[in-house]
Amino acid sequence: MKKEWIKIIPKMIDNLDDISQIKCPNCGECELDYRYIGDDKTRVGFLQMWCNKCLKGIYISRVVAPEKAKFLSFDDELEEIIPDYDFIED
Ligand SMILES: [Zn+2]
């Protein structure tokens with residue numbers, strides 16, 4: 001359920017450096033990671049959060065990356081950093 005993932009975003013934002021204590025809403029393992037991807041200057045873009053264990057996750061569009069968040073620009077090699085995971089849609 002996407003709702004369950006949305007719920008952990010505030011937790012993630014409180015722990016941007018280390019989200020290793022946050023459980024995956026899908027499989028329950030603490031293997032989550034995230035990246036904000038956006039424009040270098042405005043930091044406006046989207047958020048991807050996924051689980052390295054079960055390879056499920058979410059995609060949230062139109063967000064602003066918090067200052068200390070892990071951030072990639074549109075020019076980065078996203079596919080080298082973000083695994084090919086399934087988006088949870090509803
Ligand atoms: Zn998982």
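**Strand pairing and the zinc site**

In the hairpin of β1 and β2, with 5 residues between the strands, Arg43 adopts a positive phi near 60°. This is a predicted model, in which local features need pLDDT of at least 70 and side-chain atom pairs count only at pLDDT 80 or more, while totals for chains, interfaces and linings use all residues. Residues are numbered from 1 along each chain as its sequence is written, and side-chain values use heavy atoms, leaving out hydrogens and water.

Strands here are DSSP runs (E, at least two residues; helices are H or I, at least four), numbered from the N terminus, and two of them pair if DSSP finds at least two bridges between them. Strand β1 (residues 32–38) runs antiparallel to β2, joined by 7 bridges, with Tyr34 opposite Met49 of β2. On to the next pairing: β2 and β3 (residues 56–64) are antiparallel and share 6 bridges, and Trp50 has Gly57 in β3 as its bridge partner. Their hairpin has 4 residues between the strands, and there Leu55 takes a positive phi near 55°. Strand β2 (residues 44–51) is largely enclosed by the rest of the structure, because 7 of its 8 residues are buried (under 20% relative accessible area; exposed is over 50%, partly exposed in between; 1.4 Å probe, protein chains only).

Now to the metal. The zinc ion has Cys24, Cys27, Cys51 and Cys54 as protein donors, each through SG, at 2.2 to 2.3 Å (donors being N, O and S atoms within 2.8 Å of the metal, or 3.2 Å for Na, K and Ca; water is not among the atoms, so sites may look incomplete). Cys24 lies in the loop between α1 (2–14) and β1, and Cys51 in strand β2, so this pair ties together parts 27 residues apart in sequence. Cys51 is buried at 0% relative accessible area, and Cys24 is buried at 3%.
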